[in-house]
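Below is a short note for a colleague who is meeting this structure for the first time. Please read the numbered points with the sequence and the model side by side.

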Amino acid sequence: MGANRSILTLTALLVTFLAIAADSVRVSLVTFYPGSEIFELYGHTELRVTQGSSDYYFNYGVFDFEAPDFTGRFISGATDYMCVALPAQYATVGMEGRKMVEQDLNLTQAQAEALRDALIMNVQPANSTYRYRYFGDNCSTRPRDMIERTIGTAVKYPVTAADTTTVTLHDIVSHYNRNYAWERLGIDLALGSDIDKPIDGRQMMFVPMLLMEAMSGATIERGDSVVSLVTQTRVMVEGSDDGTVLSPTPTWLSPLTVFATVLLLLLVIAWHDVRRRRACRIIDAAVYTLAGIMGCLLAYLVLVSTHEATSPNWNLMWLHPGYIAGAVAVFGSSRLSRAIHCTLIIVLALAAIVWHFTGQHFNPAFVPVMLIIALTALKQVYFKRVDF
C-alpha cells in the first residue's frame, strides 16, 4: 500500500500512548492469505498489539509513492519499505474476503512490553524505512526476527519439507503463481539461477503462510521447561486456503500458446517471403527490436540493479541487447550485416546447448521465443546470401 508521511507521523504519535498505558500487553501474529493482485499472491503478515482499549497492527509491507524518484529507485533495486502502525479498524482495509488467522504469542508480560516498545521505536519516521528484499527481508521475516530478538532464547521450529527434501525458492514462487502464467514467465525471465538452489526451512518463512505453519509448531525454553510459542490460534475471517486468487490463465492465452501462434504466423510470412524472393524487413526489424529492448531490460537487472536474485541470470545468453544490432543490420546489404545475423544465430544455438548445464529453470514459453528470433536471423542470412 502507499503511505503519506503526515499519516505516518500522526500514527507514530498515537501509538506511543501504548507505552504509557497501565493495562497488560498481548501480542499476536496475524496472517492474511493470498489476494488476487500480483503483489498479494504470497499473503501478508502483521503483528497485532492490544493493550486495554488500544488495538494496533504493525505492518512492514508499506511503501511511499510520494518518495522522491520512487519509480526509478524501485526499478534500480532501491526498494524502500516502511513499518507502519494502523488502528484495527483500518488494518484490514483492502483485504476483504481473504482468510485471516491470528496466533497468540506465548510471551511473558516483560517480553510483550519489550516487543511493543521495539515496534513503537520501529514506526517512528526516523526508523521506519528499511531495504525490502522479497526473499530475505520482507513483511513476513521482519515480524519473525522481531519476535526472536524479544524472546532472547533460541526458537526451535518444526522440521519442514525443505529440511528433508530438495525445495527451492523457485518451487515456492511457482506454487503461489500457479494460476498466473504471464507473471510466472516474468519471474522465470527476470530472476536468476540463485532461486533454483535448495533452501532450508527458515528461508521458506518469507511466505507468510509458511511462517504461520512454522510458528504453530515452534517451541521456546522458559526456565526448565519447553513451551509452545503459540498459545492459541483463531481464524478471524473464514476463507479459502488458496485465498482469492484468480482462475488459471486459459490455455489459449498462456505465453506458450501465444508465442507458438506468433511463430506459426511468422513461418507463413517467411514462406511467402521466400516465394517472392523479398523479405519483409519491417517485421524482421520489429522482432529484433523487441528482443533487443527486452535484452536491455534484462541486462540492466543483471548488471546494474541491486534487486535480489536477479544475478547471475543465464537468460542473458539468449535474450541480450545485441539484437539491436540485428535490427540495424536488417536494412544493410554488406557482409558485415550478414555476419551480424550469423553471429546472433551462433550465440542463440550455444545458449540452447549450454542451458542444460546452468541449473536454472527453463520456462517452456522460451522455446517459441527463441525459435522466432532464430527464424528471423536465418531468413536474413538467406536473403543476404541471395543479395536481395
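1. On terms, a residue is called buried when its relative accessible area is under 20%, exposed when over 50%, and partly exposed in between, using a 1.4 Å probe and protein chains only. Ala309, at 12% relative accessibility, therefore counts as buried. This is a predicted model, in which local features need pLDDT of at least 70, side-chain atom pairs count only at pLDDT 80 or more, and totals for chains, interfaces and linings use all residues. Residues are numbered from 1 along each chain as its sequence is written, and side-chain values use heavy atoms, with hydrogens and water left out.

2. Ala309 lies in the loop between α11 and α12, where helices (H or I, at least four residues) and strands (E, at least two) are DSSP runs numbered from the N terminus. Although not a glycine, Ala309 has a positive phi of about 65 degrees.

3. Pro312 also belongs to the loop between α11 (281-303) and α12 (323-329), and the peptide bond joining Ser311 and Pro312 is cis, with omega about 0 degrees. Most residues other than glycine have a negative phi, and most peptide bonds are trans.

4. Arg277, in the loop between α10 (255-276) and α11, is another non-glycine residue with a positive phi, here about 55 degrees. Arg277 has a relative accessible area of 53% and is therefore exposed.

5. Leu47 sits in strand β2 (residues 44-51) and, at 0% relative accessibility, counts as buried. Leaving aside residues up to four places away in sequence, its contacts (heavy atoms within 4.5 Å) include Val27, Tyr57, Leu119 and Pro143. Leu47 and Pro143 are 96 residues apart in sequence, yet 6.5 Å apart in space, C-alpha to C-alpha.
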